[in-house]
Amino acid sequence: MSQDFRLDNVGMVNREKKISFKFNGKKYFGFEGDTIASALIANGVHLVGRSFKYHRPRGFFGVGVDEPYAILQLDRNNERDPNIRATEQEIFEGLEVKSVNCWPSVNFDIGAINNFLKMFFPAGFYYKTFMWPPSFWYKIYEPFIRMAAGFGEASIKHDKERYEHKYEYCDLLITGSGPSGLASAYAAAKNGARVILAEDKPRFGGSLLTSDVNIGNQTGVEWTEKIIAELKSMPNVTVKNRSQVFGYYDHNMLVMSERISDHLPRTQKYLPKQRLWYIRANEVLISSGSIERPLVFGNNDTPGVMLSSAAKEYMKVYGVLVGKKPLIFTNNDSGYETAIEFKNNGVNPIILDTRINPSSDIITEAKNLNIEIKFSYVVVAAKGYKKVKSADIAKISDDKKELFNIENIECDCICVSGFWTPSIHLASQSGNKSKFNEKIDAFVPDKSKQQENTIGSANGIFTLEETIKDAFDKGFDVSNKITEKNNKISVPTVVEKKSTDHDKFWCVPLPKGKSYKRFLDFQNDVAVSDIELALREGFRSIEHVKRYTTLGMATDQGKTSNLNGLQLVSDIENKVVPQVGHTTFRPPYTPVSIGAIVGREVGKHSKPTRKSPMHSWHEKNNAVFVDAGVWLRPRYYKQGNEGLFEASKREAKNVRQNVGVCDVTTLGKIDIKGPDAAEFLNRVYTNAWLKLPVGKARYGVMLREDGIVMDDGTTTRISENHYHMTTTTAQAANVLSHLEYYLQLVWPELNVNVVSTTEQWAGAAIAGPNSRKLLMRLFPNLDVSNEGLPFMGYKESDLFGVSAKIYRISFSGELAYEINVESDNGYFMWEKIMEVGKEFQIQPYGTEALSTLRIEMGHVAGSELDGRTIPYDASLEGLVSKKKDFIGKRSLNRSAFTTTDREKLVGVVPIDKTTSIPEGSYIVKDPKAKLPNPKLGHVSASCWSVEYDNPFSLAIIKDGKNMIGQKLFAMSPLKNKTIPVEIVSSHYVDPEGKRVRS
Amino acid sequence: MLYINCPHCGLRSQNEFAYGGDATVKRPELNKEISDQEWDNFVYLRKSPRGKHLELWHHISGCRQWIKVERDTSTHEIFKTYTANEAIE
Ligand SMILES: [Zn+2]
């Protein structure tokens, strides 16, 4: 298809490079530098979507971030990007986009029937229509809403694109490269400040790209190019295009989304798609510019009705005509600039100006060009369904209430200008309370809340001369506060056409007998009548009106609709706009892709993976791993066809019969040093620590101040003032913070230091009756007899040339030792243990066998110390000192903690000795009791006892001490199981603890 | 994201810190006879004012020191930061 609406030799797109792309399956051509919008308009395509509620035809309304209509979906190589603005997305070879909100096609959309049923879709229709009966929600209402709503479909596939995060610091961040942004960046950079200048569009310059002005004897475009080139050459300046600063957060942190390769065909594998910048700026200059306001009239949502500034930009930047019979409808001088541009390109526009008889340089210029101008004229309604074909226009009375001489004139587009709205979103997000400026009928930022200032048209300054001067001053002032270099450069001379005042008129009254829809919010289909209805129904607060009507709630966040909505509410309420106030602006200013927010923290990178130094050995020996916090631990070592059950049973049995070795590197380790270390431990643990001799270990329990068990583990006295504490894998970080809290804040007088040494030591637990024999071979020079190294003893020795620490401690309940070597020697240690242990039938065992061994011994772990148990509940009351005070002791006196029938640790065995009891089962007296069946307690851990070859579980049940011997039931409603059980002692194996001392 | 001036390390981003709650709570001395009420107040009662508040923050990804931060809970303004045992003005 030929580009019938492309002008020759006008604009900034690269005519040398033709690019093909597909829209709704059809192939079109554009040029490098085109957006989807400009390329489609060049091809005469204006119908791009259907509206949200009524499914009315939608075209293009703007030319940038404010676009409410042209939301498309990009599909490529099984990738899917919804919520793409056609006015922002640049075309590239092979691009494929399609319309959203329409079915089966944009030209014939069944949902458009909503348009004819619009009496059933009034304001708040979601609240009214879908209320009753409640049972309809899941089956009828919700599926209907889901099908009808939304701007595209998200992909459910993994996003293969790469997104990155970057952290940056600067003296000055400037958010927009229009005249004020360029001038302030230049002034600040020349004064030595570290500057970041961000521009959301591909081209720098903002309004300078399209306005007929002169700065320092250069055109706006020339001056922009000169300043940008110089800024780019300065080492203290970062200049970024395609980068939207979308959020202003606490303490001057702003977030910017950089579209790195959204405009490129995806050929460079490692180039990120987008990059999110977290920028901590000393100072911020908000130069986000302003957005033209629409005028409101009948059917003002018809494709072909668009902002006059957009029409001008399509001509000047893209060399594209939005129409060949344009009607310009304006209340200010901006519309004339667009008209003059049409005229210069050989197209004859007609201007309808709502003002009575204004005069200015620009109006005179338009008159001299013989452009037809009708003063006191308005557009009553656009005519045409899928594209504007004509317009009903009328003369309007001086009080703007009466319409006369309604006539129909032919046109193919209506360019509207209702004056300008400063983009105060970022200023508002920073906490700046805005104020209403009567002169421009819009809000501007008030006093700075953080280190921010707003400049240029974002601050309501609409003349270039004033903008440039103010921006040079602000750029110098804020930079000089930081650099103190006093290097002030002179402000260039500015030549521009003088404008006259705008007309406060914004909404065309309905002619008698007509009920045209006059839209305020183009993306959410909110019309004047909807707001009127909401107010009739009693809504007053603008925040309520917003939510009830959905005004300003779509992805464009009301960039074009907000002020007209406020104007209407204030007109009806007979208030002025500042009394109505405006709704809160929240980040993001423009939609941000989820991928960019997540960055590289996806899949395996969402959290670190910790591996022990022996990890590769486990891998080579068929270990099946399990996540233990962020650690990967061997769960079992698979042999042949074994599953978890068989393998863990074999491994546990081998520990009980021969000897096993388990990687215990993940246990938390904390080094404690200082003359007051013993006193500190005595306060931290519930049992006594003052008399522990050097070379001995002790098991300890620590509480939180509320009396609940926090953690347990052994601590060894290495030397007089040096202790080695171990914690559970899960609580390691919390215990360290806990110790630091008491040392730094509560008892700073104690001379003690703590530091985590978890990663400094590799640990191997050797357990089983053969473990002493193995130890004798590993440490031939060490006396490892029961007298030389007794239970809870500690020795240092030499393991084939590497120094090792040997602790005689046991979690399995067997004769056992734990060997620690420096992490670098961990693999060597493990290999030596396996090599020497061969003749003693050594086998490695994983966490599953470890659990089995501790459960049948009745040793508590995380499943019992679950943040709800006090020492008594876990049968640890023997470790609670009566004599000394310690953290949490006072809480143990609370009445609930001293009742005798508290839930307590017991053992549970199924009567049939074969049915395993699911963890989490309830223990009940009568399985057939009326619901809710009173629960005696729950099963905390289950295993297959290798000692007795039958299932065994631990449970915490009410009055557990007196329940031993009782026949009860374990019920698991989840697994639909009821199992008759007998309550036994939690010490199922070796209750006297002979083996560990053997 | 807050920018917290650790008295030991300087200005650091909030994500290096863990929040520690009300810094005005004082633990009763060890071995001291106190009423149930007094103990319960220490264990469970925390101030949560709107406005100026003295809070504990733990610089877990930095110097590992607990610090005190005087912050406005509604505006997030930080007035002053203190080391663990500095006298509060
Ligand atoms: Zn620090």
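Predicted model: local features only at pLDDT ≥ 70, side-chain atom pairs only at ≥ 80, totals over all residues.
Biologist: Which residue does A:Arg194 pair with?
Modeller: A:Asp171, with N to O at 3.5 Å. A:Arg194 sits in the loop between helix H5 (179-190) and strand E9 (195-198) of chain A, and A:Asp171 in strand E8 (residues 163-175) of chain A, so the bridge ties together parts 23 residues apart in sequence. Helices (H or I, at least four residues) and strands (E, at least two) are DSSP runs, numbered from the N terminus.

Biologist: Is that pair buried or exposed?
Modeller: A:Asp171 is buried, at 7% relative accessible area, and A:Arg194 is partly exposed, at 41%. Buried means under 20% relative accessible area, exposed over 50%, and partly exposed in between (1.4 Å probe, protein chains only).

Biologist: What about A:Arg656, where is its partner?
Modeller: The partner is A:Glu814, with the closest N and O atoms 2.8 Å apart. A:Arg656 is in helix H18 (residues 644-657) of chain A and A:Glu814 is in the loop between strand E42 (802-807) and strand E43 (816-822) of chain A, so this pair ties together parts 158 residues apart in sequence. Both A:Arg656 and A:Glu814 are buried.

Biologist: Which residues form a network?
Modeller: A:Glu164, A:Lys240, A:Glu258, A:Arg275 and A:Arg600 are linked by salt bridges.

Biologist: New topic. What holds the zinc ion?
Modeller: Its protein donors are B:Cys6 (SG), B:Cys9 (SG), B:His59 (ND1) and B:Cys63 (SG), at 2.0 to 2.3 Å. Donors are N, O and S atoms within 2.8 Å of the metal (3.2 Å for Na, K and Ca); water is not among the atoms, so sites may look incomplete.

Biologist: How are the donor residues spaced in sequence?
Modeller: The spacing is C-x2-C-x49-H-x3-C. B:Cys9 is partly exposed at 27% relative accessibility, whereas B:His59 is buried at 0%.

Biologist: Now the interface. How many residues does each chain bring to the contact?
Modeller: Chain A brings 26 residues and chain B brings 28, where contact means heavy atoms within 4.5 Å.

Biologist: Which helix of chain A gives the most, and how many salt bridges cross over?
Modeller: The rule finds three salt bridges across the interface. Helix H20 (residues 732-746) gives the most to the side of chain A that touches chain B, with eight residues.

Biologist: Which chain A residue does B:Arg27 bridge to?
Modeller: A:Glu705, with the closest N and O atoms 2.3 Å apart. B:Arg27 is buried, at 11% relative accessibility, and A:Glu705 is also buried, at 11%.

Methods: Residues numbered from 1 in each chain as written. Chains lettered and ligands numbered in written order. Heavy atoms only, no water. Salt bridge = Lys/Arg side-chain N within 4 Å of Asp/Glu carboxyl O.
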